[in-house]
Amino acid sequence: MIDGHIHSPYCPHGTSDTLESYVEQAIKSGYTSMTFTEHAPLPPSFNDPVPTRDSGMNPRLLEAYINDVSKVKKIYESDIEVKVGLEVDYISGFDEETKHFLNQYGRFLDDSILSVHFLPIKNNWYCIDYSSSVYKEAIAASGNINNLYQLYFDTLVQSVSADLGVYKPDRIGHMTLIKKFQQLYEPPAEWEQMATFFLDCAKEGSMTLDYNGAGINKEHCKEAYPPTNIARKASAKGIPLIYGSDAHNSFAITQGYHALDPSIIR
Ligand SMILES: [Zn+2]
Ligand SMILES: [Zn+2]
């Protein structure tokens, strides 16, 4: 069992659970491989729109993070493969800064994820998974929910074709994060078409997918990112799906796994 999406004590909105506690829990759960994918520092000129301003890791701690995960990797190497990684934000228009960052640190990373959390609407940035009230504001600013979904999937498509250099992550994070509040705000009828079009682009760009179990535990989502029908379509197209717990505490290792289709997980 592989888990390609795990946070750490370096997550400013996570918990202080130690790296070792995640690894011990992973070994207990029968993992053979795990990747720590802490939220990379945001581009220096990007203003984090969330009130707590804690979406990305403190840039001053990045080297300590890489060193600490590398140490844990060595310590546990006979029991489990531990990979050093980051969850890098794809922020539309910040490609150059992101590329610069990856050129600087990419060589220290074994495995990483590219995710979309932020969308520009009119003159503001919205973190779409931050809260249902921010999500509601994003719908209002977009005009309607269809526009918001379209912008999200357009941005995902952009992330696949973006030139982020040789260290660009090859896995797209939680591709249906826009559905996090779907039980409060019903997805537009066209969402599946948008998702399917994105899958074709992902295939074309040789990307893999984070098959993320975190949404199952979110009270207004209750499904994986992506849900089973889309995950199966991805698999049928030959796109590899890598399970991601998206754990922000050590007990969330394996979260949502029980609800996924195990036959299509790499
Ligand atoms: Zn997080
Ligand atoms: Zn994420």
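The stops below go from the sheet to the metal sites, then to a helix, the aromatic rings, the cysteines and the chain end.

This is a predicted model, in which local features need pLDDT of at least 70 and side-chain atom pairs count only at pLDDT 80 or more, while totals for chains, interfaces and linings use all residues. Residues are numbered from 1 along each chain as its sequence is written, chains are lettered from A and ligands numbered from 1 in the order in which they are written, and side-chain values use heavy atoms, with hydrogens and water left out.

**The sheet**

Begin with a cartoon view and display the strands. Helices (H or I, at least four residues) and strands (E, at least two) are DSSP runs, numbered from the N terminus. Seven strands make up an open sheet with parallel pairing, in the order 1-2-3-4-7-8-9; two strands pair if DSSP finds at least two bridges between them. At the edges stand strand 1 (2-6) and strand 9 (241-244), and each has a single partner strand, so one side of each is left without a neighbour in the sheet. Next, select strand 1 together with strand 2 (residues 33-39): the two run parallel and are joined by three bridges. I6 has F36 of strand 2 as its bridge partner.

Select the zinc ion (ligand 1). Which residues coordinate the zinc ion (ligand 1)? H13, H39 and H248 do so, each through NE2, at 2.0 Å. Donors are N, O and S atoms within 2.8 Å of the metal (3.2 Å for Na, K and Ca); water is not among the atoms, so sites may look incomplete. Along the chain, these donors follow the spacing H-x25-H-x208-H. H13 is in the loop between strand 1 and helix 1 (19-28), and H39 is in strand 2; the pair, 26 residues apart, links distant parts of the chain. For accessibility, buried means under 20% relative accessible area, exposed over 50%, and partly exposed in between (1.4 Å probe, protein chains only). H13 is partly exposed, at 35%, whereas H39 is buried, at 5%.

E87 belongs to strand 3 (residues 81-89) and H117 to the loop between strand 4 (113-115) and strand 5 (118-121), so the pair ties together parts that are 30 residues apart in sequence. E87 is buried at 1% relative accessibility, and H117 is buried at 6%.

**Helix 3**

Select helix 3 (residues 95-105). Which of its residues are buried? T98, K99, F101, L102 and Y105 are. They cover an arc of only 160 degrees around the axis, which puts them on the same side of helix 3; the arc is that of the directions from the helix axis to the C-beta atoms. E96 and H100, on the other side of helix 3, are exposed.

**Aromatic rings**

Display the aromatic side chains. Rings of Phe, Tyr and Trp (its six-membered ring) pair if their centres lie within 6.5 Å; planes under 30 degrees apart count as stacked, over 60 as edge-to-face and the rest as tilted. The structure holds eleven aromatic pairs. One of these joins F101 and Y105 in a tilted arrangement, 5.3 Å centre to centre with 40 degrees between the planes. The two residues are four residues apart in helix 3, about one turn of the helix. F101 has a relative accessible area of 12%, and Y105 has 14%.

Then select F46, F94, F118 and W125, which ring pairs link into a cluster. At W191, look for K179 over the ring face, 3.7 Å from the ring centre; a charge sits over a ring if NZ of Lys or CZ of Arg is within 6 Å of the ring centre and within 35 degrees of the ring normal.

**Cysteines**

C11 is buried at 4%, and C127 is buried at 8%.

**The chain end**

Finally, select A259, in the segment after strand 9. A259 is partly exposed, at 38% relative accessibility. Its C-alpha atom is separated by 39 Å from that of N123, 136 residues apart along the chain.
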